[in-house]
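Biologist: I have not seen this structure before. Please show it, and then I will ask about it.

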Amino acid sequence: MTGQEHDFSHLDRAGRATAGLARSPRLAVTLTIGAGIALAWLILAAMAVRGAESRLAGGAPGDALLKDLPRLPLPEFVDRLFALCLTPAPLAGSAGPQELALVLMWFLMAVAAMLPSAAPMIRTYCEIADTARIKHEPVVHPLVLVAGYLSAWLAASAAFAVLTLAVYRFAAAGQMLDPVVGLAGAAALAIAGLYQFSGLKQACLKKCRNPFSILFANWSAQPWRIFRLGLQQGVWCLGCCWALMLVMFAVGAMNIFWMALIGLFTLIEKQTTGRVASRMGGAILLVWAAALLLVSA
C-alpha cells in the first residue's frame with residue numbers, strides 16, 4: 001500500500017500522526033523497542049545506584065562512579081523491588097515475592113542487553129512485511145514477533161531467578177546482587193568460556209546471524225504463527241547467549257557496566273562472521289576463571 005492511496009489532510013495533527021504510525025509499523029516498532037530498552041536501562045541504573053549506596057567503600061567495581069550519580073526519585077514499588085532483589089534471604093519467610101522480583105530483574109537485564117542484538121531480525125521482518133503490504137497481502141504486526149521473542153527470555157529469566165537464589169544461598173554472599181567469588185564465580189566463568197567453543201553455540205549463532213531465510217520460509221498471516229516464530233528466534237538467541245549471562249554472577253548481577261559490555265559483545269558477535277569473536281571471548285573468560293581460582297585458593 002503506497003502513501004498516495006490515502007489522504008489524511010482532513011485530520012488534526014494528532015490524528016495524522018496516529019494514521020502515519022498505523023500505516024508505518026516500522027516506525028511504531030522502532031519507537032516502542034527504543035522506549036522499552038531505554039526504560040529498562042533507566043530502572044537498572046537506578047537499582048545499581050541504590051546497590052552502590054548500600055555497600056561499604058571499596059565494594060563492587062564501579063561503585064565510586066555510581067555513588068556520584070544523582071539519586072533519581074523512584075516509585076515506592078521500584079524501591080521495594082530493589083530491596084527484594086538485594087536481600088540475601090526471603091523476607092517474612094516467603095520466597096515468592098523475592099522470586100518474582102528477581103524474575104523481573106533478569107527480564108529487564110535481557111531487554112536492556114539482548115533486545116538490541118535482535119534489532120536486525122526485527123528490521124528484517126519489517127522489510128518483508130512492507131513488501132507484503134505493498135502487494136496488499138495481510139501482515140501480522142511486528143510487535144507480535146517481538147512479544148514471542150521476549151517470551152523466551154521471560155522463561156529464561158525465571159530460570160535465572162531460581163539459580164540466583166540457589167547460588168547465593170550456598171555462596172553465603174553478603175547481598176543478593178554482590179559478585180560471587182571463589183569456586184562458584186570461577187565455575188560461572190568457566191562454563192561461559194567453554195560454551196563459547198561449543199558446536200551448539202555456533203549453531204545458535206548461525207541462526208541469529210541469518211534471520212531473513214528463517215523469517216521468509218516461515219512467513220504467515222496468522223498471529224499465533226508469527227508469535228511462535230518470534231519465540232523460536234528467542235530460543236536461538238537464548239541458546240547463543242545464556243552462558244554469557246552467567247558472567248553476571250561473577251561480576252555482580254546489577255553491574256550495569258558489565259551488562260553493557262556483554263550486550264555490546266553479543267551485538268558484535270551476531271553481526272560478524274566466523275568464530276574469532278566467540279573464541280576470543282571464550283579464551284578471556286577461561287583465563288579469568290583460572291585467575292579467580294588461584295586468587296581464591
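**Questions on the predicted model**

Modeller: This is a predicted model. The protein exposes about 14800 Å², and carbon and sulfur atoms supply 69% of that area.

Biologist: How many helices and how many strands does the protein have?

Modeller: Read along the sequence, the pattern is α-α-α-α-α-α-α-α-α-α-α-α-α. The secondary structure comes to 13 helices and 0 strands.

Biologist: What percentage of the residues of the protein count as buried?

Modeller: A residue counts as buried if its relative accessible area is under 20%. The protein has 297 residues, and the buried part comes to 44%.

Biologist: Among contacts with a separation of 6 or more, what share comes from residues 24 or more positions apart?

Modeller: A contact here means heavy atoms within 4.5 Å. Of the contacts in the protein with a separation of 6 or more, the share from residues 24 or more positions apart is 77%.

Biologist: Which cysteine holds the sulfur closest to that of Cys-237, and how many disulfides does the structure hold?

Modeller: Cys-237 is buried, at 1% relative accessible area. The closest cysteine sulfur is in Cys-241, 4.3 Å away, which is too far for a bond. The number of disulfides in the structure is 0.

Biologist: Which residues make the nonpolar surface patch of about 320 Å²?

Modeller: One of them, Leu-264, lies in helix 12, residues 256-271. Leu-264 is partly exposed, with a relative accessible area of 47%. The patch of about 320 Å² is made by Leu-261, Leu-264, Leu-267 and Ile-268.

Biologist: Is the pair of Trp-106 and Phe-160 stacked or edge-to-face?

Modeller: The count of aromatic pairs comes to 6. In the pair of Trp-106 and Phe-160, the ring centres are 4.8 Å apart and the planes stand at 20°. Planes under 30 degrees apart count as stacked, so the pair of Trp-106 and Phe-160 is stacked.

Biologist: How many residues apart in sequence are the parts that this pair ties together?

Modeller: Trp-106 is buried at 1% relative accessible area, and Phe-160 is buried at 8%. Trp-106 lies in helix 5 (residues 96-113) and Phe-160 in helix 7 (residues 142-171), so the pair ties together parts whose separation in residues is 54.

Biologist: Which residues form one aromatic cluster with Trp-106?

Modeller: Trp-106 also forms a tilted pair with Phe-249, at 5.5 Å centre to centre and 35° between the planes. That pair links helix 5 to helix 11 (residues 223-251), with Trp-106 and Phe-249 143 residues apart. Phe-249 is buried, with a relative accessible area of 3%. The residues in one cluster with Trp-106 are Phe-160 and Phe-249.

Biologist: Which residues does Gln-233 touch, not counting residues up to four places away in sequence?

Modeller: Gln-233 lies in helix 11. Gln-233 is buried, with a relative accessible area of 4%. Leaving out residues up to four places away in sequence, Gln-233 touches Met-121, Tyr-149, Lys-207, Pro-211 and Ile-214.

Technical notes. Residues are numbered from 1 along each chain as its sequence is written. This is a predicted model: local features need pLDDT of at least 70, side-chain atom pairs count only at pLDDT 80 or more; totals for chains, interfaces and linings use all residues. Side-chain values use heavy atoms; hydrogens and water are left out. Helices (H or I, at least four residues) and strands (E, at least two) are DSSP runs, numbered from the N terminus. Buried means under 20% relative accessible area, exposed over 50%, partly exposed in between (1.4 Å probe, protein chains only). Accessible areas come from the Shrake-Rupley method with a 1.4 Å probe; for residues, only the protein chains shown count as cover. A disulfide is a pair of cysteine sulfur atoms within 2.5 Å. Patches are made of residues with over 30% relative accessible area and no salt bridge: like charges are joined within 9 Å, nonpolar side chains (Val, Leu, Ile, Met, Phe, Trp, Tyr) within 5 Å. A salt bridge is a side-chain nitrogen of Lys or Arg within 4 Å of a carboxyl oxygen of Asp or Glu. Rings of Phe, Tyr and Trp (its six-membered ring) pair if their centres lie within 6.5 Å; planes under 30 degrees apart count as stacked, over 60 as edge-to-face and the rest as tilted.
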